[in-house]
Amino acid sequence: MGLPWIGETIAFYRAQRTNQLFHAFFQPRFNKYGKIFKTRLMGSPTVVVNGPTANKFFMSNEFKLVISSWPTSSVQLMGKNSIMEKQGDSHRCLRGIIASTLAPAPLHTMVPRICTTVQKHLEKNWRHTQEISLHRSTKMVTFTIVLECLFGIRVDLEKMFRVFEKVLEGVLVAPVDFPGTKFRRAKRARGEIEKVLVGEVRRKREAMEGGRAGEDGMLLSMLVGALIRGEITEEEVVDNVVLLVFAAHDTTSYAITMMFKMLADHPDCYSLLLKEHEEIARTKRAGNEGLTFEDVKKMEYTWQVARETMRLCPPIFGSFRKATADISFEGFTIPKGWKVLWTTYGTHYDEECFADPMSFNPSRFADPIQAYAFIPFGGGPRLCAGYQLAKLIILVFVHYVVTQYKWSLVYPDEPIVMDPLPFPSKGMPIKISPKSVTTSSTAL
Ligand code: HEM
């Protein structure tokens, strides 16, 4: 388990920074100790678990044998009232409110708004340039979709985006609150966001109580509605807006960015994907008809590409839990209070779960996948609440880009790094040019 207190934290962080968690940290220990092994990370004795059976056991025993367990810095920056910190009934209550806007029916109505946001983003940022940072662009577009299309919040997006970036930098650092530390800067940025959001929440509350605004189906209205009914507090509204913006935009933007990387490396897959989108675009009147939910449902191969990308390049490599009782699992005893870490790598890169696991083969998703083997969105009661929205954003964004632009990577071998989430070290610049004849749908 390494040195006292510090254990193997340095090796873990070193592997994480270079996006080598699997090859430099997990795999050598799998080989030495097997798929379940103990270590000590960030001061806590931790059992790393892998494989579909372990995933099912620990994910579905959330609230019974384990609870989610985030580092102090994340909790302070996301807020102690966010859904990730909630257990039992209060988790169920918040999850219900959030799910009411992320279930399939409300998502249908969000499609035109997402199309318009993507189209406007491309028109403003892509149309008149020859090179663009794909990662920055996907971050900005998902950030805009979450704030405007999901929450219905309209603020100075560029400014807000920069402040959120500062908070992210502090999410997994040591919570050292001294002048000049990353954590201090992140806390200050969090304070700025809070001020703006408290103003938004109070304005919305006044308008709803004064009958000047009804529940418009937007998530902010749903949360404020619950606040007015006394089901949640103002702090809970603010903390969950912050949490959802983070949960949604850095993950989804990375998934889209890495899809383009995979498509650049596999031109045969790109031809198949392009054909799918050109067929959909051909059914549209040029210039004025947006995508519908039915169109998105036709993007089956694209969703296979997205899943295969997230299998090989998961936006979240795993998540920590804490044992709330002594746990017996497959002959091991995990003492109460120890941490448990499940990882995507333990199944995504395992040939027992996926044949020839390191090769990129989207069509493998045409067949059913073993339960709890493909887990980029987690599982059990904490299964990603925004999984369907992420799917929608990915498919719509890919549609408009591939039907409207020719593109190629500037640095085909650009390294991926992590801080704390993975991202391309140069922002993945791509060369772009508008396609001369566009039969694609437009939603402006
Ligand atoms: C490709 C994109 C995404 C990936 C890979 C992803 C991944 C995950 C994972 C792995 C978890 C479980 C964490 C755990 O078990 O501790 C999770 C939870 C969550 N995600 Fe996502 N996510 C994505 C997009 C989104 C979006 C778009 C939203 C919302 C708009 C969202 C909202 C949430 C929320 C609220 C939770 C916490 C659920 C709970 O604790 O009950 N995510 N996500």
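UniProt, in an unreviewed entry, lists Cys384 under "binding site"; UniProt positions follow the numbering used here, feature names are shortened, and annotations may be inferred rather than shown by experiment. The structure is a predicted model, in which local features need pLDDT of at least 70, side-chain atom pairs count only at pLDDT 80 or more, and totals for chains, interfaces and linings use all residues. Residues are numbered from 1 along each chain as its sequence is written.

Cysteine 384 lies in the loop between helix H15 (345–348) and helix H16; helices (H or I, at least four residues) and strands (E, at least two) are DSSP runs, numbered from the N terminus. Cysteine 384 is partly exposed because 18 other C-beta atoms lie within 10 Å; a residue is buried with 20 or more such atoms within 10 Å of its own C-beta, exposed with 12 or fewer, and partly exposed in between, C-beta atoms being placed from the backbone. Apart from neighbours within four places in sequence, cysteine 384 is in contact with Phe377 and Gly378, contact meaning C-beta atoms, placed from the backbone, within 7 Å.

The ligand is surrounded by 25 residues, of which Ala248, Ser319, Gly378, Cys384 and Gly386 are the closest; a residue is near a molecule if its C-beta atom, placed from the backbone, lies within 6 Å of it. The shell comprises 17 nonpolar, six polar and two charged residues. Here Ala, Val, Leu, Ile, Met, Phe, Trp, Tyr, Cys and Pro count as nonpolar, Asp, Glu, Lys and Arg as charged, and the others, Gly among them, as polar. Helices H5 (88–102), H7 (134–151), H11 (234–265) and H16 (387–404) each supply at least two residues of this shell, and H11 gives the largest share, six residues.

An open sheet of five strands has the order E1-E2-E8-E5-E3, with mixed pairing. Its edge strands, E1 (37–41) and E3 (66–68), each pair on one side only. The twist averages 35 degrees from one strand to the next, where axes are lines fitted to C-alpha atoms, for helices over the stretch in contact, and angles run from 0 to 180 degrees between N-to-C directions. Helix H3 (residues 52–60) packs on the sheet, touching E2, E3, E5 (318–323) and E8 (339–343), and its direction makes about 130 degrees with that of E8.

| Strands | Bridges |
|---|---|
| E1 (37–41) and E2 (residues 44–49) | five bridges |
| E4 (residues 131–133) and E12 (residues 429–434) | three bridges |
| E9 (residues 405–409) and E12 | five bridges |

Phenylalanine 37 has valine 48 in E2 as its bridge partner. In E12, isoleucine 430 is the bridge partner of isoleucine 132, and isoleucine 432 stands opposite tryptophan 407.

How values were computed: Two strands pair if DSSP finds at least two bridges between them. Two residues are in contact if their C-beta atoms, placed from the backbone, lie within 7 Å.
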